[in-house]
Amino acid sequence: MKKTLAAAVIVTLILAPLPAAAKMTIKLGVVTKPGSAQNIVAEKFKEIVETRDPGRIEVKIFHSKSIGNETEILQQLQMNTIQMAIITGGPFDTFDPIVRVINYPFLFKNNAQADRILDGPLGAEILKSLESSGFKGLCFSENGFRNLTNNRRAVTAPADMAGLKIRVMASAMHQAIWQALGANPTPMPWPIYTELEQGVIDGQENPLWVMDVYKFYEIQKYMTLTRHVYSPHIDVASLVWWKTLDPDTQKFIGDAITEAAVFQRGQNRAMNAERLAMLREKGMKIMENPNIDAFRKRVAGLKDMDLFSEPRVKDLLGRMLAATR
Ligand code: EAX
């Protein structure tokens, strides 16, 4: 009797299906909503990872502020409660002042230059620096060149900025830019539709896709093509988590996110002309040729500010300014 029981147990154990190799889950955070630049990177990354090696990794995207604002998402990466994020360069400012260098006004002259520098050794230095804040910097995707919108008046020169209350990201660099331009900058986390609608702020600055996807044409009358900052996203992983991965998995993930970033930049750029036409058609008054020289002059002194007092940051800014001249 005992023997039969033992045999039955053994047979059951043998026939029981082996647990499948545990599938890895990557929780990925973005603050913006589906259709936004960050989500396009996230979704492309998910598609690449899940189709290139099915069953290996599942990517779960948390969007639309479902796990907090950008600063909160970055804190969750530091603790490895989420593993990856696509976050605009601005809010990294409070974690590592080195990112002020990429948010510097009128730094990059065009897309090709931004790609060359950010995908090259200078970009790599910035990604590397983020490790001391607990982030594994993987690559750059893009928000794009930022433009000013407001609800008060047509802005074509800094003099028109006087007293305008402009929402800025959680970034000392961005705040300094708008102070220098004579506006009244107010840092606020994303999203900001309600604040614009209620007139808590007069304006904001973002790339064209934002005015489209977030329907700012409904609540902002004027847009000025200032292109004052080329705004990358930094695509990052939790450093604690990254170190637990074997080199092959690191390469698989690193290649996939880089491919997704390159795809998204191309797509974003391809849509700019169409978006501009659409925003005009929706009734926005668009100042296409503002006095950029006057804007430049106002921000020329920023490189000597305390923002860049840390020697390694100052040094990188100097090399970046030389490389983008
Ligand atoms: O990507 O906060 C900002 O202005 C960002 O550009 C926003 O997340 C849209």
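**Exercise 1. Aromatic pairs**

Task: State how many aromatic pairs the structure holds, and classify the pair formed by Phe 108 and Tyr 230.

Solution. This predicted model holds 11 aromatic pairs. A pair of aromatic rings is described by the distance of the centres and the angle of the planes. For Phe 108 and Tyr 230, the ring centres lie 5.8 Å apart and the planes stand at 90°. Planes over 60 degrees apart count as edge-to-face, so the pair of Phe 108 and Tyr 230 is edge-to-face.

Phe 108 belongs to the loop between β3 (84–88) and α4 (111–118), while Tyr 230 belongs to strand β10 (residues 230–238). The two are 122 residues apart, and the pair thus links distant parts of the chain. Both Phe 108 and Tyr 230 are buried.

**Exercise 2. A second pair and its cluster**

Task: Determine what kind of pair Trp 190 and Phe 216 form, and whether Trp 190 is buried or exposed.

Solution. The centres of the rings of Trp 190 and Phe 216 are 5.9 Å apart, with 45° between the planes, and the pair is tilted. Trp 190 lies in the loop between β7 (184–187) and α7 (193–197), and Phe 216 in the loop between α8 (208–213) and β9 (222–224). The separation of 26 residues links distant parts of the chain.

Buried means under 20% relative accessible area. Trp 190, at 5% relative accessibility, therefore counts as buried. Phe 216 has a relative accessible area of 0% and is buried. Trp 190 and Phe 216 belong to one aromatic cluster with Tyr 193, Trp 209 and Tyr 214. Over the face of Tyr 214 lies Lys 33, at 4.8 Å from the ring centre.

**Exercise 3. Two packed helices**

Task: Describe how helices α2 and α10 pack.

Solution. Two packed helices are described by the angle between their axes and the distance between the axes. Helix α2 (residues 37–52) and helix α10 (residues 247–270) meet at an angle of about 135°, and their axes are 8 Å apart. This angle makes α2 oblique to α10. The crossing of α2 and α10 is right-handed. Among the residues making the contact are Ile 40, Phe 45 and Ile 48 of α2, and Phe 252, Ile 257 and Phe 263 of α10.

Notes
Residues are numbered from 1 along each chain as its sequence is written. This is a predicted model: local features need pLDDT of at least 70, side-chain atom pairs count only at pLDDT 80 or more; totals for chains, interfaces and linings use all residues. Side-chain values use heavy atoms; hydrogens and water are left out. Rings of Phe, Tyr and Trp (its six-membered ring) pair if their centres lie within 6.5 Å; planes under 30 degrees apart count as stacked, over 60 as edge-to-face and the rest as tilted. Helices (H or I, at least four residues) and strands (E, at least two) are DSSP runs, numbered from the N terminus. Buried means under 20% relative accessible area, exposed over 50%, partly exposed in between (1.4 Å probe, protein chains only). A charge sits over a ring if NZ of Lys or CZ of Arg is within 6 Å of the ring centre and within 35 degrees of the ring normal. Axes are lines fitted to C-alpha atoms, for helices over the stretch in contact, and angles run from 0 to 180 degrees between N-to-C directions. Angles under 35 degrees count as roughly parallel, over 145 as roughly antiparallel, 65 to 115 as roughly perpendicular and the rest as oblique. A crossing is left-handed if the near helix is turned anticlockwise from the far one by less than a right angle, and right-handed if clockwise. Contact means heavy atoms within 4.5 Å.
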